[in-house]
Each structure stands twice: as structure tokens, then as C-alpha cells.
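Please look at the sequence and structure below before reading on.

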Amino acid sequence: MDSNDSSAKEIALRDGNGVSYKVVKGQVIAKTPFIGYLSQLCFSAVGIIVTVVIFAAGVAIMMYVNKISKEINTMVEQQTA
């Protein structure tokens, strides 16, 4: 049951006990279903593979940019010397 469903009579707490919606103080100010979807996707087999591929691509891009940066620095040092 969705804990943000205002038509529900009872919501479940973390310890598994139910409590009436009337005794819960506060209000829902934002819902982020997209983040929940992404977190579920990350723990599936496909999501883990995609996460590893994205991480590996990020590391490869960082290494490539570092290599280019070093080449530019050596060219600048050669021109100023």
C-alpha cells in the first residue's frame, strides 16, 4: 500500500505495525516516483550491468581527458622554454 495515499485508512510503519492515517502528523510536500523507479532499476540485473558500464565509461573518459591535459601542458612548456 502506498504510504502517500490519502484515501487509505491505515498506513504501515517501518516496524510493520499499522497506524491510523489520522494520527500521523505532517503532509506530503513532494513525490519522487522517478527516483524510486531508478533505484529499483539499479538493483536489477540489467541495472547493475548498465551502472557498471556507465562507471567504466566515466573512468575511461577521465583517463582520456587527463592524457590530453598532460599533452597540452607539455606543449605549452615546450613553447615557453
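The questions and answers below go from the whole chain to one residue.

Reader: In what order do the elements of the protein run from the N terminus on?
Author: This is a predicted model, where local features need pLDDT of at least 70, side-chain atom pairs count only at pLDDT 80 or more, and totals for chains, interfaces and linings use all residues. Residues are numbered from 1 along each chain as its sequence is written, and side-chain values use heavy atoms, leaving out hydrogens and water. Helices (DSSP runs of H or I, at least four residues) and strands (E, at least two) are numbered from the N terminus. There are 2 helices and 2 strands, and the order is β-β-α-α.

Reader: Where in the protein is confidence highest?
Author: The predictor's confidence in each residue is pLDDT, from 0 to 100. Its mean over the protein is 81, and 72% of the residues reach 70 or more. Strand β1 (residues 10-12) is lowest at a mean of 63, while the highest value, 94, belongs to helix α2 (residues 45-80).

Reader: Is L41 buried, exposed or partly exposed?
Author: L41 lies in helix α1 (residues 33-42). Buried means under 20% relative accessible area and exposed over 50%, with partly exposed in between (1.4 Å probe, protein chains only). Because its relative accessibility is 36%, L41 counts as partly exposed.

Reader: Which residues is L41 in contact with, leaving aside its neighbours within four places in sequence?
Author: Contact means heavy atoms within 4.5 Å. The C-alpha atoms of L41 and T51, 10 residues apart along the chain, are separated by 9.7 Å. With neighbours within four places left aside, the contacts of L41 are G47 and I48.
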